[in-house]
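Colleague: Please put the model up, and I will ask about its architecture and packing.

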Amino acid sequence: MNADKRHKIFSRLRAANPHPTTELEYTTPFELLVAVVLSAQSTDKGVNLATRRLFPVANTPEAIYALGEAGLADYIRTLGLYTSKAKHLIAACRMLIELHDSQVPADRAALEALPGVGRKTANVILNTAFGQPTMAVDTHIFRVANRIGLAPGKTVLEVEKKLVKTIPAEFRVDAHHWLILHGRYVCQARKPKCSECIIADLCEYKGKTWPAADEGKRKRGPRTLPQDGGGGKRRAARAQND
Ligand code: SF4
């Protein structure tokens, strides 16, 4: 994919959602750290339900450490892997208290040294809590980057490095959220919603899906975008940002 297309893709995603953020609920870097650790193999909605119970009771390293593994597990037992998540979080709280003055460090090596925190979690914290232009490649970003030709790669790390290198600087801080949201709600795994997609003409995926009604039109000639209000908004956004 060439640089011009890449710039247009992110211009449109920004126009449609100028201030993207995570769907995890948090008010401090520490709450975000807890939520991201809990989100492994769990949905953001499920994590939010658990943290709405937990954070009013305990939202600092000291308070969560004081709950102990069993006490913390009581709040998060609706989530998969909750016993190991409780174990990791208690150990991480202890390290934060002993080594970091109970603050979440804005440093990759220090974050990755915390139990339960890998490269992806560190990238989310650095990006979302500290505004660093990191790229946490999850299943959605990995799929979208490969499918549409944005940053093809066989491994998560390869895709991450390509994205960080090729996304224009002005979009780098928010690109992580735009790509996750695009993958979660539009460019979905089994059936991407190509007919609703604001970057369909820029996407290089060969297997785009169209509603049956559009299929005949496509065979007769070039595809036009839907004539409804949403299409009008999309065209307006494109006109402003291309
Ligand atoms: S056109 Fe389809 S495959 Fe391409 S980005 Fe949009 S939803 Fe995904």
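The questions and answers below go from the whole chain to single residues.

Modeller: Two notes to begin. This is a predicted model, where local features need pLDDT of at least 70, side-chain atom pairs count only at pLDDT 80 or more, and totals for chains, interfaces and linings use all residues. Residues are numbered from 1 along each chain as its sequence is written.

Colleague: What percentage of the 242 residues is buried?
Modeller: Buried means that 20 or more other C-beta atoms lie within 10 Å of the residue's own; 12 or fewer is exposed, in between is partly exposed, and C-beta atoms are placed from the backbone. By that test the buried share of the chain is 33%.

Colleague: Which residues does L38 touch, beyond four places in sequence?
Modeller: Contact means C-beta atoms, placed from the backbone, within 7 Å. Residues up to four places away are not counted. L38 then touches V47, A50, I76, L79 and K85.

Colleague: How far does helix α5 reach from its first C-alpha to its last?
Modeller: The expected span is 1.5 Å times one less than the number of residues. Helix α5 (residues 82–99) has 18 residues, for which 26 Å is expected. Its reach is close to that, at 25 Å.

Colleague: Why do the buried residues of α5 line one face of the helix?
Modeller: They are K85, A86, L89, I90, A92, C93 and L96. The arc is taken over the directions from the helix axis to the C-beta atoms. The buried residues line one face because, seen down the axis of α5, they fall within an arc of 165°.

Colleague: What arc do the buried residues of helix α9 cover?
Modeller: In α9 (residues 156–166) the buried residues are V159, E160 and L163. They sit on the same side of α9, since their arc around the axis is only 100°.

Colleague: Which exposed residues does the face of α9 turned away from its buried side carry?
Modeller: The buried residues pack against α8 (139–147) and α10 (172–185). The face turned away carries the exposed L157 and K165.

Colleague: Which residues come nearest to the ligand?
Modeller: Near means a C-beta atom, placed from the backbone, within 6 Å. There are 13 residues around the ligand. Those that come nearest are C187, P192, C194, C197 and C203.

Colleague: Is K193 buried, exposed or partly exposed, and which is it?
Modeller: K193 is found in the loop between α10 and α11 (212–220). It has 14 C-beta neighbours inside 10 Å, so it counts as partly exposed.

Key
Helix = DSSP H or I, 4+ residues; strand = E, 2+ residues; numbered from the N terminus. Contact = placed C-beta atoms within 7 Å.
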